[in-house]
Amino acid sequence: MDVLDRNDLPFPRSLPEFQRLFPDDRTCAAYLERARWGGGFTCPHCQEAGEPFRIATRPGVLACRRCRRQVGLTAGTVMERSHTPLSTWFWAAYLVASQTPGISAVQFQRQLGLKRYETAFGILHKLRAGMVRPNQDRIGGQPGNHVEVDEALVGGKTRGEGRGVHHKTLVVGAVEVRHREPGTAQDKRKDGRYAGRVRLAVSADRSAGSLCGFVQSAVLPGSLIVTDDWSGYDSLGKRGYDHHAIAECGDPEIAEEFLPMIHLVFSNLKTWINGTHHGVSAKHLQAYLNEFTFRFNRRFYPFNAFRSLLGIAGGAEAPAYAALYSGEWTHPTCSGCMP
């Protein structure tokens with residue numbers, strides 16, 4: 001389901017409007033029902049169409065009048081098997097989607113009045129799991145535009161274990177570079193260039209297998225790709241890309257001229273992680289990269305992101321709290337990217 005194509009699903013543009021549209025669990029359940037069966041309820045078991053039985057004490061459950069089997073509105077979503085009220089889930093989706101800097105688990109727990117931090121932490125991670133489409137398309141491939149690719153070290157601190165030793169995590173990213181129409185606002189900023197869609201993933205190392213593997217999974221073949229002159233990118237030309245390697249030589253002016261957008265993305269990423277979340281652990285970093293990508297790619301449509309988040313979450317597999325802490329859960333990435 002692409003919820004962005006559904007005009008019958010309203011999205012709130014302010015907090016008062018959100019409270020008016022979703023005052024309780026019943027209205028949230030009605031929204032989910034319209035999202036799942038826009039043309040009316042159809043039983044997934046017997047395919048009977050028509051008005052279902054409604055359970056007064058369980059607004060998130062419908063019952064087929066023919067086969068009498070119950071259908072959960074949250075089945076197949078990140079909300080499945082959750083004991084948290086639907087209204088709390090809707091608040092979480094709205095706060096994550098509409099607030100520019102996002103929201104931390106501590107802030108979410110405080111604002112929603114949740115008793116346990118673990119509940120807030122689990123809800124937000126389940127939503128992050130739904131931020132990646134299973135069949136996510138690749139970026140690039142647009143005539144006249146190109147893609148910048150680079151890597152950066154994120155998080156961690158040097159702990160006095162020797163020169164060059166650190167506990168940071170390597171992140172590789174790709175961003176489309178688009179051009180503003182002449183005469184529009186800010187068309188002279190960075191020569192009219194601005195960042196389009198972005199892809200980010202944790203990388204095991206800086207080898208050609210890891211870096212080029214990421215590019216192949218995130219960027220359409222035939223795209224013009226600009227990187228630095230690191231040897232890990234040398235085989236991009238043989239893999240079907242128009243590859244331009246730039247020798248930065250430690251000169252910031254060269255980096256600003258040829259790789260401004262990917263450096264801006266990494267700068268914003270680090271500021272967001274340190275400012276909103278005050279740092280994240282390496283094992284959960286990919287989940288926060290997914291949230292940053294989701295937020296960045298929808299920055300021009302912040303309120304539509306609420307509907308988009310609920311739509312993407314349909315059919316997504318969500319982690320249990322125990323799996324998050326044990327390390328059994330692998331955070332999703334864009335199609336084909338390394339875990």
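**Figure 1. Open antiparallel sheet of strands β1, β2 and β3 in the predicted model.** Three strands make up this open sheet, arranged in the order β1-β2-β3 with antiparallel pairing. Strands β1 (53–54) and β3 (70–72) are the edge strands, each pairing on one side only.

**Figure 2. Pairing of β1 with β2.** Strand β2 spans residues 61–63 and is joined to β1 by 2 bridges in the antiparallel sense. Arg54 has Leu62 of β2 as its bridge partner.

**Figure 3. Packing of helix α4 against helix α5.** The two helices, α4 (residues 105–112) and α5 (residues 117–129), pack at an angle of about 115°, and their axes lie 8 Å apart. The crossing of α4 and α5 is right-handed. On the α4 side, the contact involves Ala105, Val106, Phe108 and Gln109; these meet Tyr117, Ala120, Phe121, Ile123 and Leu124 of α5. By residue class, this contact comprises 8 nonpolar residues and 1 polar residue, with no charged residues.

**Figure 4. The largest pocket of the predicted model.** The lining divides into 11 nonpolar, 4 polar and 7 charged residues.

**Figure 5. Secondary-structure elements contributing to the lining of the largest pocket.** At least two lining residues are supplied by each of α3 (86–98), β6 (193–202), α8 (260–276) and α9 (285–297). Helix α8 provides the largest share of the lining, namely 4 residues.

Terms used: Residues are numbered from 1 along each chain as its sequence is written. This is a predicted model: local features need pLDDT of at least 70, side-chain atom pairs count only at pLDDT 80 or more; totals for chains, interfaces and linings use all residues. Side-chain values use heavy atoms; hydrogens and water are left out. Axes are lines fitted to C-alpha atoms, for helices over the stretch in contact, and angles run from 0 to 180 degrees between N-to-C directions. A crossing is left-handed if the near helix is turned anticlockwise from the far one by less than a right angle, and right-handed if clockwise. Contact means heavy atoms within 4.5 Å. Ala, Val, Leu, Ile, Met, Phe, Trp, Tyr, Cys and Pro count as nonpolar, Asp, Glu, Lys and Arg as charged, and the others, Gly among them, as polar. On a 1 Å grid over the protein atoms alone, a cavity is a set of points where a 1.4 Å probe fits but cannot get out, and a pocket is an open set with protein on both sides within 12 Å along at least five of seven lines; lining residues have an atom within 4 Å of a point. Grid points are joined across faces, edges and corners, and a volume is the space filled by probe spheres set on the points. Two strands pair if DSSP finds at least two bridges between them.
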